[in-house]
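The following exercises are to be worked with the sequence and the three-dimensional structure in view. Each task is followed by a solution in steps.

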Amino acid sequence: MTQAPTQRPIIGIVGSAGAFGRWLKHFFTERMDLAVIGHDPNGDTALSPAELIARADVLIFSAPIRTTTALIDEYTALAAGRERGKLWLDLTSIKAAPMASMLRSQAEVVGLHPMCAPPKTPTLRGRVLVVCAARVDAWRCWLDEFLLATQAQCVPAQPELHDRIMALVQGMTHATHMAQAATLRELAPTLGGLDAIHPFRSVGYELDGMVTRRMLASNPSIYQDIQFENPHIGTMLERLAAHIDFLRDRVREGSDAARTVMRERLLDGPRNDCDPVSLAAGSYGFERLGYLLADLASPAHISVFLPLDAPGSLRALLQVFEEYAINLDSIHSSRTPEGELHFRIGYDSVSDAAKVQAAITAIGERGIGRVLAGT
């Protein structure tokens with residue numbers, strides 16, 4: 001008989017120095033009011049693995065992909081059955097291997113894969129969270145409560161299917177952008193560098209550039225392990241390379257026949273296999289992103305940090321623009337790394353400069369928000 005879980009379980013995080021481990025620690029303590037203890041195998045030895053196994057009701061493995069399976073095996077051997085009646089989770093981008101390792105334990109087992117970097121928001125609202133519930137009984141109600149609290153779009157999956165899909169969703173996307181980064185590094189300097197190319201940008205180039213720079217600014221070990229640890233990546237790379245080679249060879253050939261066969265294989269064929277509704281939605285989504293980029297590129301804007309994230313805060317801000325008869329073009333919200341609520345207010349570029357300055361002054365003097373210098 002599986003032991004019923006405690007109402008207020010103690011959460012243990014293995015690898016808590018990881019970015020998502022730190023986010024989860026804050027989530028459990030601030031959002032769910034639970035105690036969190038941890039052991040970082042890369043440095044924090046204040047709590048030994050044996051102590052963590054004994055004290056934690058829910059144990060979460062948040063470690064680099066390449067070390068996760070061995071780490072779980074180590075904890076399984078050390079627990080030696082003491083994990084029975086507890087819940088083990090992992091946050092790895094690969095699911096089959098770490099989940100097979102957790103299933104060798106006697107704990108209840110769920111694999112999680114957040115499809116994003118740790119957000120600046122307190123929840124995962126609007127983000128996808130893949131959930132592989134392999135062995136859950138007594139902890140089912142608590143798991144449902146936890147997933148509901150994350151506000152994520154939870155997608156159930158089997159571990160093997162997850163890894164095959166990730167070879168496309170992550171592996172193919174990352175491989176394409178790494179190749180773009182290497183190509184730009186080789187060819188852009190002859191054109192004056194990336195800064196010289198940027199004024200000629202299209203929406204597609206700009207979006208690709210953002211993804212590439214996001215990857216380059218992040219931890220390279222993550223992207224390295226995604227390529228090397230997923231056993232399905234090799235097949236994907238072979239197909240991707242084959243299609244690139246096919247395109248290169250047809251361009252070299254240059255004939256009308258080559259143009260026709262390229263279009264049939266790389267454009268007409270994939271288009272015909274897509275649902276027309278899906279194609280239209282994707283095209284419209286691209287247009288929306290273009291509008292967003294145009295808004296963000298406009299110099300006629302005011303960036304304001306609101307001290308209070310509460311109902312009525314935005315209304316007070318917008319009343320200032322109404323008071324000074326300033327017509328607004330766009331409103332976009334985001335959060336800083338520190339969690340501050342930020343609004344980027346775009347206004348009509350022909351607005352009276354004196355009125356705009358008066359509005360900026362009023363926003364600060366009335367304590368509505370903090371206007372970023374230079375906007």
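**Exercise 1. Which residue of β2 is the bridge partner of Ile 13, and how do β1 and β2 pair?**

Step 1. The bridge partner of Ile 13 in β2 is Gly 38. Strands (E, at least two residues) and helices (H or I, at least four residues) are DSSP runs, numbered from the N terminus.

Step 2. Strand β2 covers residues 36-39, and four bridges join β2 to β1 in the parallel sense. Two strands pair if DSSP finds at least two bridges between them.

Step 3. Strand β3 (residues 58-61) also runs parallel to β1, again with four bridges. Here Gly 12 has Leu 59 of β3 as its bridge partner.

Step 4. Within β1 (residues 11-14), Ile 11 and Ile 13 point one way, while Gly 12 and Val 14 point the other way. All of these residues are buried, where buried means under 20% relative accessible area, exposed means over 50%, and partly exposed lies in between (1.4 Å probe, protein chains only).

A note on the source: this is a predicted model, in which local features need pLDDT of at least 70 and side-chain atom pairs count only at pLDDT 80 or more, whereas totals for chains, interfaces and linings use all residues. Residues are numbered from 1 along each chain as its sequence is written, and side-chain values use heavy atoms, with hydrogens and water left out.

**Exercise 2. Determine where Lys 95 is placed and whether it is buried or exposed.**

Step 1. Lys 95 belongs to the loop between β4 (87-90) and α4 (96-103).

Step 2. The relative accessible area of Lys 95 is 0%, so Lys 95 is buried.

Step 3. Beyond its neighbours within four places in sequence, Lys 95 has contacts (heavy atoms within 4.5 Å). Among the residues in contact with Lys 95 are Asp 90, His 113, Cys 132, Pro 159 and Asp 163.

**Exercise 3. How many salt bridges does a search of the whole structure find?** Describe some of them.

Step 1. The search finds 11 salt bridges. A salt bridge is a side-chain nitrogen of Lys or Arg within 4 Å of a carboxyl oxygen of Asp or Glu. Side chains of opposite charge can pair when their charged atoms come close.

Step 2. One of the salt bridges joins Arg 104 and Asp 73, at 3.1 Å from N to O. Arg 104 lies in the loop between α4 and β5 (108-114) and Asp 73 in helix α3 (residues 65-79), so this pair ties together parts that are 31 residues apart in sequence. Arg 104 is exposed at 53% relative accessible area, and Asp 73 is partly exposed at 30%.

Step 3. Arg 201 and Glu 206 also form a salt bridge, with their closest N and O atoms 3.2 Å apart. Glu 206 is buried at 15% relative accessibility, whereas Arg 201 is partly exposed at 34%.

Step 4. Asp 268 and Arg 271 meet in a salt bridge of 3.2 Å, N to O. The two residues are three residues apart in helix α11 (residues 256-273), which means that about one helical turn separates Asp 268 and Arg 271. Asp 268 is buried, with 18% relative accessible area, and Arg 271 is partly exposed, with 44%.

Step 5. A network of salt bridges links Asp 245, Arg 248 and Asp 249.

**Exercise 4. What does the secondary structure of the protein come to?**

Step 1. The protein has 14 helices and 11 strands.

Step 2. Of the 375 residues in the protein, 37% are buried.
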